[in-house]
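Hi,

Here is the structure I said I'd pass on. Have a look, and my notes follow below.

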Amino acid sequence: MIQEKLTKIFGVMLLMLCSHAASAADFESATSAVSNMRVGWNLGNTLDSNSGDVANMWIEAWSERKPSDYETAWGQVVVKPKLLKMFKNAGFNAIRVPVTWYPHMEATFGSVKWDNDAQKLTVWDYENDPIGTKIQQEWMQRVHEVVDYVISQGMYCILNVHHDTGASNTAWLVASEAGYAKQKERFEAVWKQIAEEFKDYDEHLLFEGYNEMLDPYNSWCFSSYATAQKYDAAVAQSAYNAINSYAQSFVNAVRATGGNNAQRNLIVCTYGACSGSGTWNSHLQDPLKQMKLPADIVQNHLIFEIHSYLDITNINNVKNEINQMVRDVKNYLVSKGAPVIFGEWGTTTENGYDSYRSNMLTFARYFVEQAKASGIGTFYWMGLSNASHRSVPEFNQEDLKDAIIKGYYGDAGYSAVKGIIHDGEPDSERYYDLYGLRHASLQHGVNIIVRNDTVRKAVARADKP
């Protein structure tokens, strides 16, 4: 009876899979993708790790510069498929994979040496040893493997350009019109390579053009805040113009590669990925107001991204701030014709999880609840499973994970809504989706042939030890 039931269920799923493969070019809309991603997590401090200071390029100086040297440089472990499987089983359906690319291009970092007299590393001479435009194949291969780990679990994967932006002096992507003019060619070349590498992947892979890009003064909250005057209209306008130019270049570069990239859902961040949160300055909402929806050859395949880190010391205050932030996001971004995700979110409160545990759990659940109610996606930044816990794998912030999951699925959590097939033993329940067919067929002796190339290749790669 069980075998017959499984065969019927898998037969229906196979038909769905074949249909999906036949219409892979007809990607779901951006709005549907945000909804189907449900709740997400960031694989942070991993493929985004880098030295981050031209005067202290320590990874380049003291390692062999293998992918694993970078992957573990910031205290994390080499990622294995079982970590992503754990997140899938917990109810997460999307993983954002931050990647920093500049250390893995053409720079040799030959100028980085230990100076015995000064007792410090010499400065990276990036003008005479530039990063160039070509991504190293060994690095691309490792990125590809990690993307496959995510895709093979049936989850959505967001792949981005991460600490090539930001406040460090190694960031080569700067929000200014002059910065854009200088880096336009390199930026587009990087995205063309990434897009070509993954052009056959289906709608479960999304690209994010850039992370938290800042003006030449490294202003957070809104452009030109770090200037002496705390606001400079010319600096600000140049930064917002540049962000819109980078966003358009990103869309153009990816679309030009064709294949599934012609309809892939693409994500663009506001200036600094700023969310407009707060009322202490009249310019806080400028990054939202100034952001434009890039022109595109297809409709409904673009997504806006913002980040949010809030003070949770007063739970009533933070709830009010979330409510206002969501209203502003809907008013200033969603109204422009694209859905929104919080690509990163968490708290600025020092030791928030340990010192404000009750507030943290209430905040996390409320944040996800309110975002979901407004059709906004959420990707928690990097906690939940950290450092050596990822090797087990296990959640070292189990209650925080539960708060996030209940914020999306309700009091009963993920178990109340996931599809489960019982094979007779309580401890052997398994969740099957389209991407679990291959494993299910082996487990239960049902002959299922996976014909979707994206699924088949991802599963095959993820199965490697």
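Which residues of α13 are buried (under 20% relative accessible area; exposed is over 50%, partly exposed in between, with a 1.4 Å probe and protein chains only)? They are L400, K401, A403, I404, I405, G407, Y408 and Y409.

Before the rest: this is a predicted model, where local features need pLDDT of at least 70, side-chain atom pairs count only at pLDDT 80 or more, and totals for chains, interfaces and linings use all residues. Residues are numbered from 1 along each chain as its sequence is written, and side-chain values use heavy atoms, leaving out hydrogens and water.

Helices (H or I, at least four residues) and strands (E, at least two) are DSSP runs numbered from the N terminus. Just after α13, G410 takes a positive phi of about 100°.

On to the rings. The structure holds 25 aromatic pairs, meaning Phe, Tyr or Trp rings (the six-membered one for Trp) with centres within 6.5 Å; planes under 30 degrees apart are stacked, over 60 edge-to-face, the rest tilted. W41 and F87 are stacked, 3.9 Å centre to centre with 20° between the planes. W41 sits in strand β1 and F87 in helix α5, so this pair ties together parts 46 residues apart in sequence. W41 counts as buried because its relative accessibility is 0%; F87 is buried at 0% too.

W345 and Y380 pair edge-to-face, at 4.9 Å centre to centre and 75° between the planes. W345 is in strand β9 and Y380 in strand β10, 35 residues apart, and both are buried.

Cheers
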